[in-house]
Amino acid sequence: MSAVANAVEVQQLGKTYRDGLFGRRAFKALTNVTLTVSQGEVFGLLGPNGAGKTTLLKILLGIIQKTSGSATMLGLPAGGRAVRSHVGYLPEHLRIPGHHTVLSALDLYGSLSNLSGREIRLRRDPIIEMVGLKGRDKEPIKKFSKGMLQRLGLAQALLVQPKLMILDEPTDGLDPRGRAEMRALITKMKVDGVTVFLNSHILQEVELVCDRVAILDRGHLKFCGSVKETGQVMRQSTFISLDVVVNGEPLAVKTACSGFDVQQSATLPDQQIEINFRLGDQEEIDRLVDQLRQHHISIVSLKRKQASLEEAFLAILGKSESN
Amino acid sequence: MFRPYLAIIKDAFRATIASKVLYVMFGLIALVLLVLAPLHLRETLDWELSSFGLQPVATDIVREIVEKKDLPRQPVVARIWERLPSDSQEIYLEAAKKAKPAPSTDASEPDEAAEAGKAVEIEIGSSSAESGRRRGQGSSREDIDLARRLADDLNTLMKDRQFYDAEVWKTQVLRSEAQELVDEGLDKLTDVRAARLNRLLLNNSLKSMPIPGKSSAKVYYAIWHMSFIPAEVTRFQVVSFVNGVLRLILDKFVLSLGILIAIIVTANMIPETFEAGSLNLLLSKPIHRFGLLFSKFLGGTIFVAMCGTILFLGIYLWMGLGLGLWDRATLFSIPLYVVVFAIYFSVSVFVGLLYRSAIVSVVLTGVFWAACFAIGTTNNFFASSAENQQLAWGREIDGEVFAINKFAEVYQIKGQTLEPIPRSNSNMSPDEQMGLAIAKNMANLPASPFCEPIVDPASKRVLIAFSNPLGLPGIPKSQLSISNPGKTLFNDYVLYDSLAVFASETGPLLVSSGGRISRLDLSKVGTAPAATAGTRPTISDDMLTPLGPDRRIDLREASRVDYNPTRNEFAMLAGNTLYVMAWRDQEYRLAREIEVDSGSDRRGMSSHVTFGQDHIAVAFGNARAFVFEADALKQVAAFQPEFRSPPISLRGDKTSGRIGILHRNGRLWMWDPTSPESLKLASVPRQGAISGFTFDNGQITICHNIDRISKISPNGSFESTHAPSGGFLLNAYRYVLRPVYSAFPKPGEFYRLVDYLSSTRDARYDANMDLREVDEHKDPWSPLRSGLYFMALMLGISWIYFSRLDC
């Protein structure tokens, strides 16, 4: 496989599901989606339920067929058998038949990827240890918890030494330690040069590991860029979040804050009060400061809060709804 | 490349092992075999001679051997003598000289009886009164020594597996038990049974031998004798019974139930693959969707094949070891019934893909099973009825086309319709009419009862001679049907013995079953039907002129006589002897005869004879056919075109000299005097569906089943075709049911192929086999062929559906 700049390229991708008699009922799951994922980056795909995230993943893997547009993975047509041998996939709601053990499951899925028995035996032990299943490789899977099953799913994906890893809700079912381990694994994969394409609802997790994210809403791509760029989107939104710590009588503080949108306030030790304001623009910040000083309220600290990904996400979606 | 798919198959096995299904299946199979295993036969076979038992008759036996050993017509006794030790031979010669003359025995020799054409069973036994008298008198030292030596020598002889030689025994008719043992095959007999055979052969040849005890088989279940089965039955009878019952149980119960269990066990294989999170992971791997589907299909089929192999192999071993019956049909059943399962499984796979439910898969597969059964049963009913109404003869007479079916009902083809020409119904009693109606739907005629119709050139009346040697209901034993000149009505006439009728310039010539030839004066035969129902007018003696011959020729069937008007000669076949009767001194006399070597020593085998132009052809029930020059009866050709299907019609064209032979499988072979060394498939359409044929002035008229009569010129081109449309039911059968049945799988009919493959009913290997007596499955490969096509279609549809499916 020749070196390619992008691990995933999607151009004007569309998918319409048809249902009913002669397929008369049509539902557009994806509309003109265009994005790229660079080699070696960790890319997050976000969106509310029904946005089309899983549809996009399935098209990339060839599980369903696209209606329009094009997609490539690692320079090869997406969904083809040739590229699937270089892709590791961890599906959402993973189900492995209960008659398997860890060893037999890896044997099966490795064979499905055309790995020889020898190759599987060479690779599996370090992977089993990496995912935290050491010592449990001969237990029947039907006794596994959801988290352990998820680890096994990751192990079978890693077995093929993929160049591109597609993870659908990888931390689903994992405890906090498991999630931390998963994040560490993803980071390790990135260091090893593996491109990771992940789909997750847990925005905090995405924020911690992803270099770039894309946000889908009702089949349309609303945003595609770095996590930092989401902050810019936030700044372009209609409000500024400001944390102010003041010193003063509560009543006086309250009077001084009248006319401004107070989100929450909390009393701190030493008679300090922390207040979060939601303000429209810089001018309003200046007016707030002036008003506080007019009421002789001492300003201990003033901090412009950086919008979280969740906030940016919601902001983007909210914009989309209003549009 | 195949590694992923092998992994899927391996996973299927892993799943069945884990689910304990495999153990359950093996347990059930083991249970069946354990139930069957203790069932076995214990056979008592008396063969050995004791010196004490031989004492009264030893001298008689020795004398008989010595007297007959050098007779040219006693090859069997000569064989016994040559196998005795030389020192014993000297002693026996001395003893025979000293012995008194033996009491007279039955004068008829076995081979004389055979030459008379009768199946004679030779009496086994000695003059028992004589032996009793001698026993009472006491034996001398010499008698005792002679008996001891003879017992030893004969016991040694009986242990010799090479004693029997078919060539040596061909002039003897064996008793049924001995014949059964011979038919079983010498190499398959145990030592005891081979000795028993030799004992029976000795008794068959030497009348002085003491009678052996009857052999009998007792059925045991473990140590318990199943006394409700009579002890006097032979082993062969028990084995045949068990084989028949077992086949029925296997086919109807074990296999039906077994396949049902197999379908239930495998029904979840596809639906469980479609569970969320499972299928997506599989499809993300670099494998073909069809490969995934087919591997799952193959995994299920291999699992069932494994179970079936163990079951059938176990039954095969039990039948062989317990009953002595090594039936290869059981082994052939293994792959064929795996195919049966695979057909049903392909339906289950498709339904599993559509509905993703194991229960729906089982239910709809059951519906499919019922549909196959319904279509097969309905088709078989109509086919049986249609087969019995197949057109057996068709001809153009004075510009009109006439046809006759196997029940000799005459039709005229007018355009698209087949109009029956009435036989005078007042001639048939109600019972006969009812019997005929039943026979038309139920009977399976091995041979048509009527001789080829003739048209009297002078009166233009059609004559059909009937004989009914099989006693079929509704059909008279012997009669002559004669039409009016307009051929709008046939009247039936009683004739004591009318086997065949032939046209000649001087008037119709009738041949009786005894080979007597008479000329019928048609001018004395009226055209009005009988006035009273249930009666028939009679062909009286004044209407007939006897024309010889002066000797009786036992013909029995119309197919054994033919007439050549140009040569004015009759060819008649009685047994294996071909007679030619020529016109001399105002009557037909025997001109020449020849013994035809059909390869069989059976006397009653079905046979046919026909005249070509200057040749005579003969065909036997073992499918062997011979052609002779008519003048010198010199054989010019010998053929065996078919091995499992008997000839049903042999006709010669008196104009061109061509001879056609039609077999029961609907294939017509043609011999041409211009290339006498070869017999070829006739260049006519729809070989395999031909039900009758006849020659007419160099052209050949072919009947195809019930729907077509075609006239074909010698170069193979069509002259004319008549295809009557038939009624609604017939058209529904022809255009709807039969095509559907042909295309539909026939999982319930694989027994036909099992029978065909395992059958020893192949005339190449057994010249004594009359194929007319053997059930013939038309196109036994049809169930396998249609089953494989259907399975491929189902898998193909499943593939197309699965490849386009958005999962």
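Residues are numbered from 1 along each chain as its sequence is written, while chains are lettered from A and ligands numbered from 1 in the order in which they are written. Because the model is predicted, local features need pLDDT of at least 70 and side-chain atom pairs count only at pLDDT 80 or more, whereas totals for chains, interfaces and linings use all residues; side-chain values use heavy atoms, with hydrogens and water left out.

**Chain A**

Select chain A, which has 11 helices and 14 strands. Helices (H or I, at least four residues) and strands (E, at least two) are DSSP runs, numbered from the N terminus. Of its 323 residues, 49% count as buried, that is, under 20% relative accessible area with a 1.4 Å probe and protein chains only, against over 50% for exposed and values in between for partly exposed.

**The nonpolar cores**

Next, select Phe197(A) and Phe802(B), the two residues that touch the most other members of the largest nonpolar core, a set of 150 residues. Such a core consists of buried Ala, Val, Leu, Ile, Met, Phe, Trp, Tyr and Cys residues joined through side-chain atoms within 4.5 Å. Helix H16 of chain B (residues 328-355) provides the largest share of this core, 16 residues. Apart from it lies another core, of 41 residues, including Trp47(B) and Leu197(B).

Return to Phe197(A) and display its surroundings. Neighbours within four places in sequence aside, its contacts include Val8(A), Phe43(A), Leu60(A) and Met165(A); contact means heavy atoms within 4.5 Å.

**A sheet in chain B**

Now move to chain B, where an open sheet of 4 strands has the order E12-E13-E14-E15, with antiparallel pairing. Two strands pair if DSSP finds at least two bridges between them. Strands E12 (500-502) and E15 (544-546) of chain B stand at the edges with a single partner strand each, so one side of each is left without a neighbour in the sheet. E12(B) and strand E13 of chain B (residues 509-511) run antiparallel, joined by 3 bridges. Select Phe502(B) to find its bridge partner in E13(B), Leu509(B).

**Helix H10 of chain B**

Finally, select residues 176-184 of chain B, helix H10, whose buried residues are Glu177(B), Ala178(B), Leu181(B) and Val182(B). Seen down the axis of H10(B), these fall within an arc of 135 degrees, so they line one face of the helix; the arc is that of the directions from the helix axis to the C-beta atoms. The buried residues of H10(B) pack against helix H11 (191-205) of chain B. Just after H10(B), Gly185(B) takes a positive phi of about 105 degrees.
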